[in-house]
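User: Hi! I'm new to reading structures and would like to talk through this one. Can you start with a term I'll need?

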Amino acid sequence: MAEQDTKAKEQANKQADASVAKIPLGQRPKHIAVIMDGNGRWAQQQGLERIEGHVRGVETVRDIMNACNDFGISVLSLYCFSSENWKRPEPELEFLMSLLTRYLIGERETLVKNNLRVRIIGRRDGLPEKVQQEIEETIQACEECDGMTLCLAINYGSRREIVDSIQDIAQRVKVGVMDPSDINETTVSDSLQTAGLPDPDLLIRTSGELRISNFLLWQISYAEIWVTSTLWPAFNKAKLAEAICDFSRRKRRFGGLDPRKANVAEENRS
Ligand code: IPE
Ligand code: IPE
Ligand code: MG
């Protein structure tokens, strides 16, 4: 990177730090989930092959993971590869799988050094042996870590996750350890692969598409959605700060009224 670019980046990062520092920790999202989209389009815009966009996308993953750590975020979930992405051409799939392998090997030490808890969601058995092996090694390496959680969705599809959860619950009913009337929202949440993690508060999608693409359907029921036209390889700490600042200004009502209006409604009733 040219010296001028490095300086501009440092300056932008400082501004990002300053703007998030003004937001009390309790008003920042605890869990941020990201649909990292637009790698291919970014590469095409630069006159490069699509795969170059994926390579650059990994750098953004690193930057955003560090930024979340700096911003005091507890959980960062990243949609890395969907169960529908297998529809892509074979050479791109091969590249993505080898990039994933290289990422898991290359980042392992940094993940441990940064004390990151690593959670991998998605169907492992559909992945190449090598990727499965590196996932396992990474989980083992980070076993003792107790800092921010990095949840990577790999070969993940939310509908499949829900089907698996239903099968698991049905099995428990069948063997008689659970009664159908005992099934509640907690039972379902606890049988998903995200069990134990808080639901995402903020869902970010890059590249401007206004869809969810089978990501955490159950878990995002009350997430605040923030979409940017910025393509994932160009996403950065400053953009993340923008999303967090925007989040802190949202009024989350969870189906109720905002507290001020609720008081008025209460007074009118009495
Ligand atoms: C996101 O970028 C990465 C993956 C889904 C693996 P894309 O590869 O979807 O890039 P676009 O959307 O085609 O630009
Ligand atoms: C969503 O991106 C999946 C990931 C980011 C892994 P896609 O590029 O696959 O989504 P669609 O096809 O535009 O819905
Ligand atoms: Mg895409």
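Analyst: Happy to! A polar contact is a pair of N or O atoms within 3.5 Å; within protein, one must be able to donate a hydrogen and the other to accept it, and residues adjacent in sequence count only if both atoms are side-chain atoms.

User: Thanks. Which oxygen distance does Ser213 have to ligand 2?

Analyst: A polar side-chain atom of Ser213 sits 2.6 Å from an oxygen atom of ligand 2. For Arg211, an N or O atom of the side chain is 2.8 Å from an oxygen atom of ligand 2, and for Arg88 the distance from a polar side-chain atom is 3.2 Å. The protein covers 79% of the 390 Å² of accessible area that ligand 2 has on its own (Shrake-Rupley method, 1.4 Å probe).

User: Before we go on, what kind of model is this, and how are things numbered?

Analyst: This is a predicted model: local features need pLDDT of at least 70, side-chain atom pairs count only at pLDDT 80 or more, and totals for chains, interfaces and linings use all residues. Residues are numbered from 1 along each chain as its sequence is written, chains are lettered from A and ligands numbered from 1 in the order in which they are written, and side-chain values use heavy atoms, with hydrogens and water left out.

User: Which element gives the largest share of the shell around ligand 2?

Analyst: That is strand E2, residues 75-82, with four residues. Strands here are DSSP runs of E with at least two residues, helices are runs of H or I with at least four, and both are numbered from the N terminus. The shell counts residues with a heavy atom within 4 Å, and around ligand 2 it includes Tyr79, Cys80 and Phe81.

User: Now ligand 1. What touches its oxygens?

Analyst: An N or O atom in the side chain of Asp37 is 2.8 Å from an oxygen atom of ligand 1. Backbone atoms take part too: a backbone N or O atom of Gly40 is 2.9 Å from an oxygen of ligand 1, and a polar backbone atom of Gly38 is 3.4 Å from one. The protein covers 87% of the 380 Å² of accessible area that ligand 1 has on its own.

User: And which helices supply its shell?

Analyst: Helix H2 (39-45) and helix H3 (50-70) each supply at least two residues around ligand 1. The largest share, three residues, comes from H2. Among the surrounding residues are Asn39, Arg41, Arg50 and His54.
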